[in-house]
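Here is a short briefing for a first look at this chain. Keep the sequence and the model side by side while reading.

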Amino acid sequence: MSPTAIALILVAALAHATWNLLSKQASAAGAVSFIWLVSAAATGGYAPVIAIAVIIGQPRLTGPCWLFMAGTGLLQAGYFLFLQNGYRLGDLSLVYPVGRGTGALLAALAGVVILGERPGPVAVAGIGCVVAGIILIALPGATGSTAPARAAPGSAAPGSAALGSAAPGSAALGSADPGSAAPARAAVGARARKGPSMAGPTAFALLTGTFIASYTLWDKFAVTSLRTPPLLQGYAAFPVMALLFAPLARRAGGRTALVWRAYRAQVIGAAVLAPLAYILVLIALSFTAVSAVAPAREVSVLFGVLLGRRLLGEGSLPRRLAAAAAIVAGIVAIAVG
């Protein structure tokens, strides 16, 4: 890869890990409301940039270009939904590496099967490293946190007012039945003795990875074969998602308003960083092979594990960091081989 591609991918990786941290912090508040708020904010925030780019570049968009811009919104809608539900059940340092590693692995394999890219022995060894890392990081530990995300500083904690538990008419958003406190504490204690379950968050992470691979290949075709400008292809997902989730967010009503009040910083941060990270990747994809870009960008999994430990207090750091390092090493081997 060229130095330009490497620089783009590293900046994108840091931005990507950061917006995933913000998403994890808000994951207990409700996936649909959060995704719609991020999509709407990104749509409005980047609209002036897109308008200027269209006026200056005057791109010629064919019918297939519009089809692929709409399609990326559908694929990323599934990606965001599975990702947020994974974060609701599990740690950032579990869901993020497994999802990204699975996506990179499937994208590289699809590049071989569909695009005719041929891996060498080093790439084959890299595939083995990625698989081993995913298995290692998904193993349950003696201790570790799979608790719901903590509330953002200065906001109500999950399960309290941020979710509407103390608000009038908030039964749909949560309950505060005093009689349920003791059984709930007993259930939490039982889960702590048995160790956290990895099945739920791991399943969501694997499904997230499937969508990652799908939209990576979809968008690769759009920017290379159809010549859709990367800026437009990367932006298109957000207005599509804003439209898709608008009826559900409106139906959620009070919850969406509560998510905005309690997690406004997370919404705005994700709305800025998520499009930026992906647009940078698409720019790199426009002049670099997908089997190189898709794996190399996953260096962000190391950032994700470290952020999960330092800012969220997640456990099993040595094992998860070693597993993330194996995933990154395998991804680099795939790119080189």
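Phe-204 is partly exposed, at 21% relative accessible area; that class lies between buried, under 20%, and exposed, over 50%, using a 1.4 Å probe and protein chains only. The model is predicted, so local features need pLDDT of at least 70 and side-chain atom pairs count only at pLDDT 80 or more, while totals for chains, interfaces and linings use all residues. Residues are numbered from 1 along each chain as its sequence is written, and side-chain values use heavy atoms, leaving out hydrogens and water.

**Overall build**
- The chain has 13 helices and 0 strands. Both are DSSP runs numbered from the N terminus: helices are H or I with at least four residues, strands are E with at least two.
- Of its 337 residues, 50% count as buried.
- Its accessible surface is about 14400 Å², with 72% belonging to carbon and sulfur atoms. The areas come from the Shrake-Rupley method with a 1.4 Å probe.
- Among contacts with a separation of 6 or more, 88% join residues 24 or more positions apart. A contact means heavy atoms within 4.5 Å.

**Aromatic pairs**
- Rings of Phe, Tyr and Trp (its six-membered ring) pair if their centres lie within 6.5 Å; planes under 30 degrees apart are stacked, over 60 edge-to-face, and the rest tilted.
- The count by this rule is 9 aromatic pairs.
- Trp-19 and Phe-80 are stacked, because their ring centres are 5.3 Å apart and their planes lie at 20°.
- Trp-19 sits in helix H1 (residues 3-25) and Phe-80 in helix H3 (residues 63-89), so this pair ties together parts 61 residues apart in sequence.
- Trp-19 is buried at 2% relative accessibility. Phe-80 is buried too, at 5%.
- Phe-82 and Phe-204 form a tilted pair, because their centres are 6.1 Å apart and their planes lie at 40°.
- Phe-82 belongs to helix H3 and Phe-204 to helix H7 (residues 199-224), so the pair ties together parts 122 residues apart in sequence.
- Phe-82 is partly exposed, at 24% relative accessibility.
- Ring pairs also link Trp-19, Tyr-79, Phe-80, Tyr-215, Phe-238 and Tyr-278 into a cluster.

**Nonpolar core**
- A nonpolar core is a set of buried Ala, Val, Leu, Ile, Met, Phe, Trp, Tyr and Cys residues joined through side-chain atoms within 4.5 Å.
- The largest one holds 60 residues, and Trp-19, Phe-34, Tyr-79 and Phe-80 touch the most other members.
- Helix H10 (residues 264-285) gives this core its largest share, 10 residues.
- Leaving aside residues up to four places away in sequence, Phe-34 touches several residues, including Leu-22, Ala-26, Val-259 and Ala-270.
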